[in-house]
Amino acid sequence: MKQKIAVLGPGSWGTALAQVLSENGHEVRIWGNNPAQIDEINTYHTNRHYLPDVKLPENIVAVKDINEAIRDCDAALFVVPTKAMRVVAKEFAKNVKHQPVIIHASKGLEQESHKRISEILTEEIPTKNRKAVVVLSGPSHAEEVVRHDITTITAASVDQKAAQYVQDLFMNDYFRIYTNDDVIGVETGAALKNIIAIGAGAIHGLGYGDDAKAAIMTRGLAEISRLGVAMGANPLTFIGLSGVGDLIVTCTSVHSRNWRAGNLLGKGHSLDEVLDNMGMIVEGVATTKAAMELAQNLNIEMPITETIYNVLYDNKPIKDAARDIMLRDGRKENEFTLK
């Protein structure tokens with residue numbers, strides 16, 4: 001059944017998801033606050049800054065007024081950076097006059113509050129202005145989805161009918177969706193894997209090989225699982241698409257901004273240089289700070305996260321950080337370590 005979908009955020013991932021929805025026969029209106037970008041999408045059916053050489057379906061309509069985007073929509077898909085999520089949710093709540101399904105496809109933790117994105121959305125959008133909140137997450141790169149590479153991700157919600165609705169919206173022969181009821185686990189895995197991807201990129205930039213890459217990914221997954229379970233997640237979620245799946249794709253691909261940022265850090269560039277030249281938000285930088293504070297509050301040991309925090313926020317030389325983490329006291333592999 002054809003649905004009206006508002007996509008809030010015309011970055012690379014928002015644009016790719018808008019394309020999937022459009023190709024599935026839905027009416028798509030994409031909103032953003034950059035007038036030149038909106039005009040480009042409508043006039044040339046391109047979004048060159050984020051997805052060069054991609055021609056978008058001509059029936060995707062870009063709008064500058066959020067009210068125009070969300071009017072009578074069946075679902076609203078939030079795909080904005082974590083730091084903008086609360087502001088956009090407030091603007092949405094101020095303008096919406098009905099109860100669409102709320103979907104989000106962003107990955108991060110809010111600074112200061114350490115809240116997950118679904119928590120921000122439920123706080124800012126009254127129940128009279130929304131149905132269920134569904135998280136769309138998993139191993140995916142916009143650059144591959146737009147060229148119809150096979151991709152499989154998760155729709156997570158406490159309301160399984162809503163998760164199935166989102167599954168039906170997006171499913172096709174190259175984009176497969178599984179449902180899940182563990183919102184905490186899916187959001188935690190999505191946010192924290194960006195931290196480990198910075199570390200994996202740094203390992204590559206320092207010149208280390210596959211052994212080191214396997215080590216940081218495996219032990220990084222242990223950290224993600226420890227913190228996630230302490231937050232109330234199902235541990236099985238972390239061996240699924242939004243856990244190990246998302247970790248693999250983000251830690252091994254040049255499409256990953258977080259991996260690219262870490263790689264530049266490993267090659268000796270400063271954090272300011274990396275962020276100035278990236279051209280897009282590197283969510284893992286802010287998430288590292290939020291996760292470090294959250295781990296301290298919950299008394300959870302996260303040595304890789306702490307090491308990356310020391311590099312990003314305390315200017316610790318990256319070679320020293322790599323050496324120091326290798327010289328930590330020996331541990332049992334399967335212990336659930338608290339500080």
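Ala, Val, Leu, Ile, Met, Phe, Trp, Tyr, Cys and Pro count as nonpolar, Asp, Glu, Lys and Arg count as charged, and the others, Gly among them, count as polar. The model is predicted, so local features need pLDDT of at least 70 and side-chain atom pairs count only at pLDDT 80 or more, while totals for chains, interfaces and linings use all residues. Residues are numbered from 1 along each chain as its sequence is written, and side-chain values use heavy atoms, with hydrogens and water left out.

**Exercise 1. Describe the largest cavity: its volume, its lining and the classes of its lining residues.**

Step 1. On a 1 Å grid over the protein atoms alone, a cavity is a set of points where a 1.4 Å probe fits but cannot get out; a pocket is an open set with protein on both sides within 12 Å along at least five of seven lines; lining residues have an atom within 4 Å of a point. Grid points are joined across faces, edges and corners, and a volume is the space filled by probe spheres set on the points.

Step 2. The volume of the largest cavity is about 40 Å³.

Step 3. Its lining consists of His104, Ser106, Lys107, Gly108, Ile117, Val135, Ser137, Glu187, Ala190 and Ala191. β6 (133-137) and α8 are the elements that give two or more residues to this lining; helices (H or I, at least four residues) and strands (E, at least two) are DSSP runs, numbered from the N terminus. With three residues, α8 gives the most.

Step 4. Sorted by class, the lining has four nonpolar, four polar and two charged residues.

**Exercise 2. Work out which element gives the most to the lining of the second largest cavity.**

Step 1. The second largest cavity has a volume of about 30 Å³.

Step 2. Ala200, Ile203, His204, Tyr208, Gly209 and Lys213 line it.

Step 3. α8 gives the most to this lining, with three residues.

**Exercise 3. Explain why the largest pocket lies between domain 1 and domain 2.**

Step 1. The domain assignment of the protein chain gives domain 1 (4-181) and domain 2 (191-327); such bounds come from an automatic or database domain assignment.

Step 2. The largest pocket has a volume of about 1000 Å³. It is lined by 43 residues, and Gly11, Ser12, Val79, Pro81 and Arg257 lie nearest its centre.

Step 3. Both domains give residues to the lining of the largest pocket, so the pocket lies between them.

Step 4. By element, α4 gives the most to this lining, with four residues. By class, the lining has 16 nonpolar, 18 polar and nine charged residues.

**Exercise 4. Describe how domain 1 and domain 2 meet.**

Step 1. The C-alpha centres of the two domains lie 26 Å apart.

Step 2. In contact (heavy atoms within 4.5 Å) are 25 residues of domain 1 and 27 residues of domain 2.

Step 3. The buried area, which is the accessible area (1.4 Å probe) that two parts lose on being put together, summed over both, is about 2000 Å² between domain 1 and domain 2. Carbon and sulfur atoms give 59% of this area.

Step 4. Leu109, His114 and His141 supply 29% of the area that domain 1 buries against domain 2, more than any other three residues.
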